[in-house]
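The sequence and the structure are shown first.

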Amino acid sequence: ETKEYYNTQYDDIIYELTDAEELQGTSDAKVTPAVKIYEGFTSPERQEITINADGSGFLDYYYKRNEYNVKLNGDNGIDELIGERKYLYADTVRIRANVKPGYTWKEWDGDVVSGEEQYYTFTMPSNNVEETASTSIVEYTISYNSNDADPTTAKAVMPENPETYNI
């Protein structure tokens with residue numbers, strides 16, 4: 001008897017032979033070969049096969065690629081997060097964070113990504129992933145001179161980061 005194991009590639013349409021075994025048994029015997037466990041795949045139900053009189057038999061097991069979620073979070077300086085959705089195990093995941101005016105990019109932090117790259121690519125693991133994008137607020141230094149007095153400097157952090165200032 002020959003038993004082959006197939007894993008889905010993408011969209012449950014294309015399968016790739018992952019493993020094959022040749023087993024021994026008695027002619028006309030009914031057997032139920034075990035399934036294997038592959039990371040990131042759902043194992044099929046066990047199937048029964050009858051070994052032919054000539055000792056041959058053939059059984060295919062098809063494994064479904066699992067789907068996992070990528071969740072993206074951002075602080076107040078993040079305008080848009082791109083890449084949050086479901087992915088199949090081993091898919092290429094691309095995430096990106098767009099920053100609001102008045103903020104600068106800081107970093108990603110989470111389950112897979114840690115670093116200062118604003119655009120990040122990784123391979124989907126066999127679990128859900130959560131990542132958080134963070135920014136730093138831009139601080140402006142404002143110098144003003146009132147009635148010909150000595151110049152005064154003040155550091156200001158504007159809560160909404162307006163584009164115009166009234167002094």
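Two strands are taken to pair if DSSP finds at least two bridges between them. Helices (H or I, at least four residues) and strands (E, at least two) are DSSP runs, numbered from the N terminus.

The model is predicted: local features need pLDDT of at least 70, side-chain atom pairs count only at pLDDT 80 or more, and totals for chains, interfaces and linings use all residues. Residues are numbered from 1 along each chain as its sequence is written, and side-chain values use heavy atoms, with hydrogens and water left out.

The protein has zero helices and 16 strands. Of its 167 residues, 31% are buried, where buried means under 20% relative accessible area, exposed over 50%, and partly exposed in between (1.4 Å probe, protein chains only). The accessible surface amounts to about 10900 Å², and carbon and sulfur atoms contribute 43% of it; these areas come from the Shrake-Rupley method with a 1.4 Å probe. A contact means heavy atoms within 4.5 Å. Among contacts in the protein with a separation of 6 or more, 46% are between residues 24 or more positions apart.

Confidence is expressed as pLDDT, the predictor's value for each residue from 0 to 100. The protein has a mean pLDDT of 83, with 77% of its residues at 70 or more. Confidence is lowest in strand E1 (residues 2-8), where the mean is 54, and highest in strand E7 (residues 67-74), where it is 97. Where pLDDT is low, the predicted coordinates should not be read in detail.

**The three-stranded sheet**

Three strands form an open sheet in the order E8-E10-E13, and their pairing is antiparallel. Strand E8 (78-82) and strand E13 (119-123) are the edges; each has a single partner strand, so one side of each is left without a neighbour in the sheet. From one strand to the next, the twist averages 15°, an angle between N-to-C directions on a scale from 0 to 180 degrees, with axes as lines fitted to C-alpha atoms.

Strand E10 (residues 92-99) is joined to E13 by five bridges. Within this pairing, Arg-94 has Thr-121 of E13 as its bridge partner. Four bridges join E8 to E10, also in the antiparallel sense, and Glu-80 has Asn-98 of E10 as its bridge partner.

**The five-stranded sheet**

A further open sheet contains five strands in the order E9-E7-E14-E11-E12, with mixed pairing. Its edges are strand E9 (85-88) and strand E12 (114-115), each with a single partner strand, so one side of each is left without a neighbour in the sheet. Strand E11 (residues 103-110) pairs with E12 in the antiparallel sense over two bridges. Trp-108 stands opposite Gly-115 in E12.

**Selected residues**

Which residue in strand E6 (residues 58-65) is described here? Asp-60 is found in that strand. Asp-60 is buried, and its side chain makes a polar contact of 3.4 Å with that of Tyr-62. A polar contact is a pair of N or O atoms within 3.5 Å; within protein, one must be able to donate a hydrogen and the other to accept it, and residues adjacent in sequence count only if both atoms are side-chain atoms.

Most residues other than glycine have a negative phi. Asp-28, in the loop between strand E2 (15-22) and strand E3 (30-31), has a positive phi near 65°. Ala-90, in the loop between E9 and E10, also has a positive phi, of about 75°.

Thr-123 lies in strand E13. Leaving aside neighbours within four places in sequence, Thr-123 is in contact with Ala-90 and Asp-91. Thr-123 and Leu-88 are 35 residues apart in sequence, and their C-alpha atoms are 9.8 Å apart.

The table lists relative accessible areas.

| Residue | Relative accessible area | Class |
|---|---|---|
| Asp-60 | 19% | buried |
| Ala-90 | 28% | partly exposed |
| Thr-123 | 52% | exposed |
| Asp-28 | 58% | exposed |
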